[in-house]
Structures are given as structure tokens and as C-alpha cells.
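Visitor: I have a model open and would like to learn how to read it. Please take me through it feature by feature.

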Amino acid sequence: MKDSYIVSRIQDELEELGRDAQLRTLAEIRGVNLCSNDYLALCDDPRLKDAVVQAVTEARRVSSTGSRLLSGQCAEWDDIEREFAAFAGTEAALCFSSGYAANIGVLTSVLKPNDIVFSDSLNHASLIDGIRLSGARRMIYPHADLKALESALAQHAADAGAHVIVSESTFSMDGDAPPIERLVALAKEFDAELVLDEAHATGVCGPEGRGRAAAAGCERETLAVVHTCGKALASMGAFVCCSETVKRYLVNRARTFVFSTAMAPYVAGQIRGALELARAANDRREHLRGIAVELRGRLIGAGFETREGDSPIVPVIVGDNRAALFYAEFLQGRGFAARAIRPPTVQLGTSRIRVSLTARITRGDILRLVDVLTEAREALREAAFAAHG
Ligand SMILES: Cc1ncc(COP(=O)(O)O)c(C=O)c1O
């Protein structure tokens, strides 16, 4: 049978992705895992598994059966939201089924079309989509360029509507971090609000892993701080941490909250178990920071391009898609599970191996990784030389 118009169009697009070395496939991870967000290595921790088993055993039911506004409401969620707000340092918190849903929910409900959003150019897709769907005016400032942000805020200071700065606190692909105090100061100076996505800082940064806003002591000076549970907390879901008023509004207006089935009540028990482990994991945080700083130093020493910082996300920027795929395959052949990150996830010409460190990775792994990357670079040069004569 002849393919339909849509199926042929899809085939063409897939072929084009293949030609541009942009086609993604699903593959299970093998070897030293360099692409996991399980920063505190809690995903297989027996203490966390026990917390899940206990939560399942104690739960009245293993499905929420509906949205929280219908039959999905239960005491487990109220309790964990109170606990999470205390962790984040805010008055209240509201749980969503993912970080993606949380960002879309908060941005599409709070922003109105005549508001202006000042958004970092490297913000995550969930923030970009939330801003787009809100219909608010968008001012994209160059990544982490707070001088440019200041100029944009000044230029639009007299414009109508609310003015809102949106940024990640640790950037997911570059692993760098804007100074939160400065973002808060700019918001204050220009009568703007701040929405901060802590997805890669939750559990990793700040006292007891409470995030960068808490580390800077300005968690209550934001409109909302989004913490996710699927990364360092080895669970799922996300919390929008905010005032009681904003929470009450989200319960009524955030479509990804209102029109979505709540997670099963036992997930609250998993999050509680993970929070307890994460808060006490200072040794793991210290180890992570140590290997992250060492890896950056050794990469720079070996002539690789990376980004500043001490977060566990360490990019090795190699340029084009084919080079990134070559490095990824080479690393996989040497026992490192690495993935090539390409546009549109990152900007054109900045394809990379995004090394995501976890507390499971040793200093020995780091030394070997830099050696293998150096070998890969040599092999790539030889392949290019052979191809061009
Ligand atoms: C910065 C950032 N925000 C939000 C999300 C979405 O979180 P989740 O995976 O829980 O949907 C991610 C996930 O990759 C992220 O990197």
C-alpha cells in the first residue's frame, strides 16, 4: 500500500535527520555511565528501595485515580508538599508529575500576553515552551550575560504588564550557573519577578542540597523556584516552590496540574525517602564537586573546550554533529556510556559530549576519561587526514 502523505513526509524528515547526523535512537546504557542525572547515586540505593516498598505497603491504593482536584487528592501529597516547602525554604510547594509539567504549568498560568519575559538564551525546552504557550512578549538575553539582561530590563522598564526573568540555576547543557544574588538584585531594581529552575541543583547545590536560591538566601525573593525529583532525588515529579497565594492560583489555573492525573500516593513516600538521604549526603556532594573541578581542569590542560563551574555537568564541546558522534562511539568502545548532544538541544556548532558526573564515578574514572578523549581526538584527526588525503 502506498504511504500516506504524512507518512512520506515523516520518512523524508527522518532521512534528512540521518544525513545531518541528527537521528536519535533508543539504546540502553552500558559501561561507566556519563549521561545520568542520578548525581547522588541514589537510584539503586537499598535505603531508597526500602522507602518505596514501605510506602507501597502503607498506601491505601497504588493509583491516585484522578487529578488532585477530583479523586487524586490525599494526605500524602499535602504532607510532602509541606516538607518540600521547608526543604526549599518557601512558604508553600505544589507537586507536578514532572519538571516539564511544572515549568509549563507555572509559566502558562502566571504569565499573560502583555507581560514581558526576559529569558536566558540557553533555557531548557520546558521553559521555552511554557513562555511560548503563555503568549507573553519574549526578550531573549545572551546566555548568562547579566549586563545584557540589565540593559533589556532598563530598556523596557516603562512597558506595561508584569516583567519576569526566567533562568535555570545550573544550566543543563553547559553546567554553569548565573549568580543568583545578582539576578535577584536586578529583579528588585527593575520591579521584575524571578522564576528559577533548579532542576540540576536540587540535591546537588547549597546547604543539604537545597539548591542555589537557598544557598544565596533568596528563595523567598522569587516568584517561584522549581525543584525536580527525577534527577538527584532519584524519584519523579517536581515541586513549584512559592508563596501560598501563588500555590492557590496554580491549583486553580495551571493546566498541567488541573487536567492531569496525580502521581500515585506512594511516590510521595519515595520523595520523602530521597529527601532524607539527599539532605545527609554531604560527603557525596563533596566528592562530586571534587571530581567535577578536577575533570574541568584536566580537560582544559589537555586542550579541550569546556565551561567554567563546579557543577557535575561538564560539557566537552567538539563542534559539529559528526565529531560529537565520533567521540561518543569511541568512548562507548572504551567502556564509557557517553552520548552526543546536538542541535536543537544545543546551539549550532556547539555539539558536545555532555559528561554528567555522579557520586558513583571515581577519580580513576576521570583520569582514564581524559586519556580516552585525547585518544579519540587523535583518531578523529587521523580519520579526517585519511579522508582528505
Ligand atoms: C533544566 C531542566 N528543567 C526541567 C526539566 C524537566 O524535568 P523532568 O525531567 O522532571 O520533566 C529538565 C529535564 O531534563 C531540565 O534539564
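Guide: What follows covers a helix, a loop residue, the cavities and the pockets.

Guide: First, the ground rules. This is a predicted model, where local features need pLDDT of at least 70, side-chain atom pairs count only at pLDDT 80 or more, and totals for chains, interfaces and linings use all residues. Residues are numbered from 1 along each chain as its sequence is written, and side-chain values use heavy atoms, with hydrogens and water left out.

Visitor: Which residues of helix H5 are buried?

Guide: Terms first. Buried means under 20% relative accessible area, exposed over 50%, and partly exposed in between (1.4 Å probe, protein chains only). Helices (H or I, at least four residues) and strands (E, at least two) are DSSP runs, numbered from the N terminus. H5 spans residues 125-134, and its buried residues are Ser126, Leu127, Gly130, Ile131 and Ser134. Seen down the axis of H5, these fall within an arc of 135°, so they line one face of the helix. The arc is that of the directions from the helix axis to the C-beta atoms.

Visitor: What does the face turned away from the buried side of H5 carry?

Guide: That face has the exposed residues Arg132 and Leu133.

Visitor: What covers the buried residues of H5?

Guide: The cover includes helix H4 (99-110) and strands S3 (116-120), S4 (137-141), S5 (163-168) and S6 (193-197). After H5 comes glycine 135, with a positive phi near 80°.

Visitor: Now a loop residue. Is alanine 192 buried or exposed?

Guide: Alanine 192 is buried, at a relative accessible area of 12%. Its loop runs between helix H7 (180-189) and S6. Contact means heavy atoms within 4.5 Å. Leaving aside neighbours within four places in sequence, alanine 192 is in contact with Leu153, His163, Ile165 and Ala187. Valine 117 is 75 residues away from alanine 192 in sequence, yet 9.5 Å away in space, C-alpha to C-alpha.

Visitor: How many cavities of 30 Å³ or more does the search find?

Guide: The idea is simple. Rolling a probe the size of a water molecule over the atoms shows where empty space is left. On a 1 Å grid over the protein atoms alone, a cavity is a set of points where a 1.4 Å probe fits but cannot get out; a pocket is an open set with protein on both sides within 12 Å along at least five of seven lines; lining residues have an atom within 4 Å of a point. Grid points are joined across faces, edges and corners, and a volume is the space filled by probe spheres set on the points. The search of the whole structure finds two such cavities.

Visitor: What lines the second largest cavity?

Guide: Val106, Leu107, Val110, Leu111, Val164, Val195 and Leu223 do. H4 gives the most, with three residues. The volume is about 30 Å³.

Visitor: Where does the largest pocket lie?

Guide: Domain 1 (27-42 + 281-382) and domain 2 (46-279) both give residues to its lining, so the largest pocket lies between them. Domain bounds come from an automatic or database domain assignment. The pocket holds about 580 Å³ of space. Of its 22 lining residues, the closest to the centre are Arg24, Arg339, Ala340, Ile341 and Arg342. Helix H13 (321-333) supplies at least two lining residues, as does strand S11 (340-341).
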